[in-house]
Amino acid sequence: MRRWWSTFFVGGVIAYRGLFNWIRPAMYIPTMLGSPLFQLIFFTKLGQYAQAESRDFYIVGNSVQVCAMSSVYGMTMAVANERWFGTLGPLLASPANRAAVFLGRGVPVLANGILVSAFTFGAGALLLGFRPGLGTLPALAAVVVVTVASCTAFGMLLGSIGLRAKDFFFAANLAYFLMLLFCGVNIPLADLPGWMGAVGRCLPLTHGIAAAREVAAGATLGHVSGLVLTEAGIALAYAAAGLLLFRILERESRRSAVLDAY
Amino acid sequence: MSALRIVWSGFRTNLKMLGTSSFFLLTSTVQPVIFATVAFYMFRSGGRSGTLLYAALGAGMMGVWSTTLFGSGGMIQWQRWQGTLEIGVASPPSLALVYLPFSLANAFTGMYALAATLVWGRLVFGVPLHFVHPWLFLLALPATVVSLGLMGLVLASTFVLYRYANAMSNLLEYPVWIASGLIFSTSILPGWTRPVSWVLPPYWGILALRHAALGGGVWGPLAAVLGLGLASIVVSFFTFRWFEHLSRARATLALT
């Protein structure tokens, strides 16, 4: 059991340091902090110009959604880069527990996603006048943690696909942009066609963003427990699907001898 | 004649390379369509009426900028990874001339974005494509695209020196969308941002396109976008020479 936790934590951190391309400050600051900051300003100003929703609607939506910068891209890199860097073969030849190897990679990604979201919320408060009550902050933090976990689990699934697919960055980019459209980040789900709303409800972020908006407006954690539990359920479903796909693709890649082929 | 041949063959080569890149397909068609859809829904649910063509043009121009930006950073970074950057530097023509056709091809690919958002807007959202000055629109479009390509050339010159070009590309996408007022008026931005907007070709480019489509003076913004394009050529020839010299002196040309 001790070995399992060691693989989970130490392996996860080492893999993150080795495989996350944007870890250097020269890459990290512009990409993981600069881009979310300007995304926040862009959509808040666009909403103001379109006279659609309130300012806080866009600040909360985008501050939560930008965790996908870490969760989707970070998690995709942390899994799929094994093949790109030629280390997938040795990794899969090791007897390490696959669940520990796979799920452990999510821990640094989760921490980074929380940091990116917290930074963007801070920027919203500093630059755009976002003022949630101080009493709402613990509940808001709890909602953000669950939502980032859910988004990280979604990233695990995408990363697993990257074990086999040639252009995994295409899928990661596409997923990031589609989240802006489907997850109620900038458009209320009620304004979208029914099928888009239904797709959005199956994705991470959607319920978390809705809960975060209610909490920022003064609701307690108890009031939004349904939304938070749904988001947590979505996280578990995506993590399980990601792990299952990882195992299937590992077996198939061994069988067809395409482990390091791309 | 030789310069024209370099421009033509470089333009063709880069166009072929971009045509096989799924990332460029995403940046030049899928991403603008997603942003256009978000903007359509936001405008539709908001208090502003008659702004869907405005949104389609803006989202298309956002795609033109993204393609230019990622293309400019990507072409230097990609050549660095492939080990061909030094060959470009060592060749007899100036580096700016070597990369000019690449930048123009990037911006040309960006035109797919405008076409995609206008067609998407018409088919899915019923956006009326009635342009007030259609001929001026056809004049303003290539002028804007070429000018953006030339601005991309200036950016590309900095990427010769700066190893993390893709980080700069990631950073500069939204700020230029914001400062150029591509999809909302710059009047809602703080006053100190105006001078920044005035030196950006996309600011004048979207004004020229918007006025040609929706009504308003086209010649003034058109002259400004062409003037900034010419200024970009001059600046890029100097910056390419300077940054090339610096990267050779510091021996950082091939460092990834």
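Axes here are lines fitted to C-alpha atoms, for helices over the stretch in contact, and angles between them run from 0 to 180 degrees between N-to-C directions. The model is predicted. In this model, the axes of α4(A) and α8(A) come within 7 Å of each other and cross at roughly 35 degrees.

**Packing of α4(A) against α8(A)**

- The crossing of α4(A) and α8(A) is right-handed.
- On the α4(A) side, the contact is made by Cys67(A), Ala68(A), Ser71(A), Val72(A), Gly74(A), Met75(A), Thr76(A), Ala78(A), Val79(A) and Ala80(A).
- On the α8(A) side, the residues of the contact include Thr147(A), Val148(A), Cys151(A), Phe154(A), Met156(A) and Leu158(A).
- Twelve nonpolar and nine polar residues make up the contact of α4(A) with α8(A), and no charged residue takes part.
- Arg83(A) lies in helix α4 of chain A, which spans residues 67-84.
- Arg83(A) counts as buried because it has 23 C-beta neighbours inside 10 Å, where 20 or more are required.
- Although 83 residues separate Arg83(A) from Lys166(A) in sequence, their C-alpha atoms are 9.8 Å apart in space.

- Helix α11 of chain A (residues 206-216) has ten of its eleven residues buried, so it is largely enclosed by the rest of the structure.
- The buried residues of α11(A) are Thr206(A), His207(A), Gly208(A), Ile209(A), Ala210(A), Ala211(A), Ala212(A), Arg213(A), Val215(A) and Ala216(A).
- The elements that cover these buried residues include α3 (55-65), α8 (137-162), α10 (194-201) and α12 (225-255) of chain A.
- Ala212(A), leaving aside its neighbours within four places in sequence, is in contact with Val60(A), Val64(A), Leu140(A), Val143(A) and Val144(A).
- After α11(A) comes Gly218(A), which has a positive phi near 120 degrees.

**Loop residues of chain A**

- Pro204(A) is placed in the loop between α10 and α11 of chain A, and Leu205(A) is also found in the loop between α10 and α11.
- Pro204(A) counts as buried because it has 30 C-beta neighbours inside 10 Å.
- Beyond its neighbours within four places in sequence, Pro204(A) is in contact with Thr147(A), Ser150(A), Cys151(A), Ala153(A), Phe154(A), Ile234(A), Ala235(A) and Tyr238(A).
- Pro204(A) and Met1(A), 203 residues apart in sequence, are 30 Å apart in space, C-alpha to C-alpha.
- Most residues other than glycine have a negative phi.
- Leu205(A), which is not a glycine, has a positive phi of about 85 degrees.
- Leu205(A) is buried, because 28 C-beta neighbours lie inside 10 Å.
- Gln51(A), also not a glycine, has a positive phi of about 55 degrees and is found in the loop between α2 (25-50) and α3 of chain A.
- Gln51(A) is exposed, because 12 other C-beta atoms lie within 10 Å, and exposure is assigned at 12 or fewer.

**Packing of α9(B) against α10(B)**

- Helix α9 of chain B (residues 201-214) packs with α10(B) at an angle of about 150 degrees, their axes being 8 Å apart.
- The two helices α9(B) and α10(B) are therefore roughly antiparallel to each other, since the class applies to angles over 145 degrees.
- The crossing of α9(B) and α10(B) is left-handed.
- From α9(B), the contact is made by Pro201(B), Trp204(B), Gly205(B), Leu207(B), Ala208(B) and His211(B).
- From α10(B), the contact is made by Pro221(B), Leu222(B), Ala224(B), Val225(B), Leu228(B) and Gly229(B).
- The residues of this contact divide into nine nonpolar, three polar and no charged.
- Leu228(B), in helix α10 of chain B (residues 219-249), counts as buried because it has 22 C-beta neighbours inside 10 Å.

**Interface and nonpolar core**

- At the interface, 29 residues of chain B are in contact with 31 residues of chain A.
- Helices α2 (22-45) and α7 (165-179) of chain B are the elements that give two or more residues to the side of chain B that touches chain A.
- The largest share of that side, 13 residues, comes from α2(B).
- By class, the side of chain B that touches chain A has 20 nonpolar, eight polar and one charged residues.
- The largest nonpolar core has 167 residues, and those with the most contacts inside it are Val72(A), Val143(A), Ala212(A), Ala39(B) and Ala55(B).
- Helix α3 of chain B (residues 52-82) gives the largest share of this core, 15 residues.

Note on methods
Residues are numbered from 1 along each chain as its sequence is written. Chains are lettered from A and ligands numbered from 1 in the order in which they are written. This is a predicted model: local features need pLDDT of at least 70, side-chain atom pairs count only at pLDDT 80 or more; totals for chains, interfaces and linings use all residues. Two residues are in contact if their C-beta atoms, placed from the backbone, lie within 7 Å. Helices (H or I, at least four residues) and strands (E, at least two) are DSSP runs, numbered from the N terminus. Ala, Val, Leu, Ile, Met, Phe, Trp, Tyr, Cys and Pro count as nonpolar, Asp, Glu, Lys and Arg as charged, and the others, Gly among them, as polar. A nonpolar core is a set of buried Ala, Val, Leu, Ile, Met, Phe, Trp, Tyr and Cys residues joined through C-beta atoms within 7 Å. Angles under 35 degrees count as roughly parallel, over 145 as roughly antiparallel, 65 to 115 as roughly perpendicular and the rest as oblique. A crossing is left-handed if the near helix is turned anticlockwise from the far one by less than a right angle, and right-handed if clockwise.
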